[in-house]
Amino acid sequence: MLTWRRSRPDGSEPAEGDVDGGRGAEPACPVRGEAGAGRPPAAPPAGDRPPGTADLAAAGEFLKLFYLENPQAGSIRPRVREVRAQIDDTGTYTHTPQELAYGARVAWRNSSRCIGRLYWKSMRVRDRRHVDTPEGIAVESVGHLRESATRGKIRPTITVFAPERPGVPGPRIWNEQLIRYAGYRRRDGTLLGDPRNAVLTEAVRRHGWRGGPGTPFDVLPMVVTGGDGRTLLATIPGDAVLEVELSHPSYPWFAGLGLRWHAVPAISNMALEIGGVRYPCAPFNGWYMGTEIGARNLADADRYDMLPVIAERLGLDTSSERSLWRDHALVELNVAVLHSFDKAEVTISDHHTESRRFLTHLEREELAGRVCPADWSWIVPPMSGAATPVFHRYYDDVQLSPAFVHHADGLPSGI
Ligand code: ARG
């Protein structure tokens, strides 16, 4: 099942397998992240408020929204009094399970870079606010992976771990997603696997991970820091990692490329902010849209860079850009992604369908009298943009709350 590598308790010498240098008030991640081009705005500075305290005005705004959109919840007044008293007493307050679930769903609804928001109301919310040990977080994250992908049916799911509280920064997962493929830098400077995760891979190796079998698709261990500051590496059991091997409906050689991708994209390094309370560890997933895998992860020159290989196998003329060999290879790779997920009966959407759904979502939001924030450059799919209806219009891009935000410290250099 899970295998653990423990960090040392504060102050002692690093042990074999240690991934944490110990930390003070702020979590210190062993792992240096990418600069994060094109990331959503980081969490705003807390201003004069001590870390972990909730702002009464932000709490009030959220409660207003919650009671407005959930008339069955009754009168807001007693709840506002209660929340004010909790903030006065403790510096923060505790969401009801209903507030938490609604807040998480609205954070998704407010994610201006996500095309898949039509089903925001149906996100499953796993309330794990009582969990803040690194072991507990790893176990529950593995549970999340299993529950969100039963028999190939992917269900949008979020697991919410302990919030930040005054004096307690809350737990963190340092991997960008629960499932990430290693990127091993070889001595000759070439790279095996996913270059996006090269820095994370080096860090976990430095701190005791022996490495996987050495394929281009080795799943990295999770790096988890608990509310108590302990950090551990947790291996994700293979049976919690649903993957699809890629083949092409017309080209038998395609399967021989040995390409695969995981079925669940579970973002694990963003904080969920609801009404002034920050949940620093709240992994969430939807299902994939094919182009994320076929037009980015496997295609980008700084990722798996498969277009030249596929073009060559297709016998295309790569000596001139004007043969449009890249475009042709891109289409066949994306056909293979959709075909393979369908064959494996794993949920995936295509960019034409998802674009139409997004416009339905916009209409519904308008009818409900709300602005739907959207970032054109993220909403328009990375291939055949103008062949999808989302290309041909502009959007409002406003920052609304509740929200998913990047941690201000990203993945810092740490130790
Ligand atoms: N684009 C990211 C990836 O390829 C995943 C981002 C979230 N995607 C989603 N369909 N929910 O891994």
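Two strands count as paired once DSSP finds at least two bridges between them, and strands here are DSSP runs (E, at least two residues; helices are H or I, at least four), numbered from the N terminus. The model is a predicted one: local features need pLDDT of at least 70, side-chain atom pairs count only at pLDDT 80 or more, and totals for chains, interfaces and linings use all residues. Residue numbers start from 1 along each chain as its sequence is written.

**View A. A three-stranded open sheet.** Methionine 270 stands opposite histidine 406 in S19. Here S14 (residues 270-274) and S19 pair in the antiparallel sense, over 4 bridges. The open sheet of 3 strands runs in the order S15-S14-S19, with antiparallel pairing. At the edges sit S15 (277-279) and S19 (403-406), each pairing on one side only.

**View B. H1 against H2.** Helix H1 (residues 56-69) packs with helix H2 (residues 77-90) at about 155°, axes 11 Å apart (axes are lines fitted to C-alpha atoms, for helices over the stretch in contact; angles run from 0 to 180 degrees between N-to-C directions). That makes the two roughly antiparallel, a label for angles over 145 degrees. H1 brings Leu56, Ala59, Gly60 and Leu63 to the contact, and H2 brings Arg79, Val80, Val83, Arg84 and Ile87 (contact: C-beta atoms, placed from the backbone, within 7 Å).

**View C. Around the ligand.** Gly116, Pro265, Ile267, Gly286, Tyr288, Met289, Glu292 and Asn297 surround the ligand, with the C-beta atom, placed from the backbone, within 6 Å as the cut-off. Strand S17 (288-289) and helix H6 (290-297) are the elements giving two or more residues to this shell.

Technical notes: Parallel < 35°, antiparallel > 145°, perpendicular 65-115°, else oblique. Contact = placed C-beta atoms within 7 Å.
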